[in-house]
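Dear colleague,

Please read them with the model open beside you.

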Amino acid sequence: MKKLSVLGLFLVITFSISTKTEALFPEKVLIISVKTGCEKNNVWLRVRNYFIILKMNLYANKKTLFFLLVMLLFWHSNLNALPLQKVWVNGGTMIYNKKQVSIASFEITKYEITNVQYAFFLNGAAVKADGVFKNISLINVASKDLQLEFINGKWHPKMGYDNYPMVMVNYYGAAQFCKWVGGELPSEKEWIYASKGGIKNKDFIYAGANELEKVGWYKGNSGNHSHQVGKKKPNALGIYDMSGNVWEWCRNDTLKTADDFCVHMGGSWFAGEQPSQIAAHYGNTPVHFSNSVGFRVVFSATALTSDKDFFKNYSGKPWNNQVQQIPGKVQCEWYDLGGQGIAYHDSDNINSGSGNLNPADGTFLNEFRMKEGVDISYTKSRDIDNNPYNLVEPILGELYAGWMIPGEWINYIIEVNKTGTYTLGLMYTASGEGGISLLLDGKELVTELVIPSTRNEKETIAWRQWHHWNRLDSLAVFTLKKGKHILTLKTVFNGNMNYDYLDFKLIE
C-alpha cells in the first residue's frame, strides 16, 4: 500500500469554496478532492455553522490522515464570519437642547445593521415566514422593498443585498435584534454624541464632514436606493453612514403604546440634505415600516470593555483556591471569586437558581453560591434533565451556570500545563441558536462561535426546551501557552443557554 507524505498529500489536494450566505455568519461549503488511489469514501462534517464535504480517494497512513483532519478543523475554526464590529466611544459632555449634558462611555456598531445580520437573528429566534415574534410583527413581509426572503424554512438576504442596511424593520424589530445581541438601541443623546465624533467633535454639520457628499448617501447622489454600508467616509470615530443611507431608530425609554413617537435620526437615501444633518430631528410610531429606516446597536460599558488595565490588575481569585487545569474540563460554575464587575458581569445581582428555583434548604446543590449574581442550577432527574430529547445524556446532580444572556461574561483563572494545540468542547443546552466567544488574558482567543440550538419541536413541555443537553467536541482549535492565564467566557448573542463545562483537549 502506498504511503503519502504530508507534503505529497497537500500537493494533490484541489479545492473550491462556494459560499451561500446564511445570516450573520456565511455558511461555507468546502469541497476537497484527493486524487490518488482507487477506493472512494465521502465524509461530511458540520463544524459550527459550516459544512465540510470531504471527498477522499487515497491510500495514506493514519498519521497523515489525522494531520489532514486537524488542519481542516483548525482552518475551519478560524473561518471568521461577520461579527458585529464595534467602535468604543469615550464618555464626555455636549450641548443638547441648549444645556450641557454628560454622556457615559459606550460601544456602538461601526455599521448599520445589515440584511445578512438581521436574517441570522430571524433564523436564530425561529421567526417564521410571517415575520412575527412573540405576537409582534418585526418586519414588513408584504413589502417588495424588504430585502430578505424566506426559502426552505430559513431567512436569507435577496441576491446581492447581503451588506445593505436592513430596512422594512419597525422599532420593535430593531429593539428585538438589539436585545438578542446583548445591546439596545442608542438613545437620541448617545446617537448625537457618537455622530459628532464624541470627544473628537469638530462641530461638523453632518457626521464626519460639512459636505454630505463625502459621508452619506442622500437624494442628490443615491440613485433613489440605499447602498452597501461603509462605502462613504466615516466620522472621526470611524463610524460609517450616520448621515444618510438609512434613518436609524433611537431608543424610547418611555414607550407604552403603538401610537407613541419614536425618534429616527440621520436622514436617508430618499431624503434631502437637511434631514441628514446631525441636528435634524424626525421620527414615527414604533409600528412604522419604511424602505429608508434601519438601525444600529449600542452596548453599555463594563469593566471588561472600559478598563484597559483590567486584566493587568485583575483581583479575582480561584474558586475554593483551586486553579482549574488544562488539558481538562473547566467547570463553568467554578468561576472566580471577586463578585460583579471582577469575576463576572451578570444582568442582575440575583441568582435565579440557587436559593430561588432551588429553594434554600441547607443542601449544597440548592444553595451553591446563592448570594452571587451568576445563575447556578444543577441537573435533575424526574424527566427534567434526563428527558427523551437530550442529544447527550448529562451526569445528574451536576452543577452548571445557567440563564446566560448576551453581554454576560465569567472569568476563570486557569493553569495550562503544556504548550500546544487544543480542541475546545462544550457541554450545554440552548433553547435557540446562540453564540459565545473566549478571551485569554483579555485578548480574543476565538471569535463568535455559533452554538447550535438544542430546541426540539416535538417537546411538549415548554420550559424543558432549556434542558435538552448536547456536547460539542470540536468547537474550535487554537494554541495555548503553558502557564497561568485568565479565561473569559462571553455570551455574545441569543443566550438562554446553560453551560456545564468547557473541555480543552491537547492534540498530540
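A search of the whole structure, which is a predicted model, finds 0 disulfides. C262 is in no disulfide, and the nearest cysteine sulfur, that of C250, is 9.8 Å away, whereas a disulfide would need the two sulfur atoms within 2.5 Å. C262 is buried, because its relative accessible area is 0%, a value under the 20% that sets the limit for burial. C332 likewise counts as buried, because its relative accessibility is 0%.

Turning to the strands, there is an open sheet of 4 strands in the order β15-β14-β13-β16, and its pairing is mixed. The edges of this sheet are β15 (282-284) and β16 (293-294), each of which pairs on one side only. Strand β13, covering residues 247-249, pairs with β16 in the parallel sense over 2 bridges, and within this pairing W247 has V293 of β16 as its bridge partner.

Strand β28 (residues 443-451) is itself mostly covered, since 7 of its 9 residues are buried, burial being taken as under 20% relative accessible area.

With best regards

Definitions and conventions: Residues are numbered from 1 along each chain as its sequence is written. This is a predicted model: local features need pLDDT of at least 70, side-chain atom pairs count only at pLDDT 80 or more; totals for chains, interfaces and linings use all residues. Side-chain values use heavy atoms; hydrogens and water are left out. Buried means under 20% relative accessible area, exposed over 50%, partly exposed in between (1.4 Å probe, protein chains only). Two strands pair if DSSP finds at least two bridges between them.
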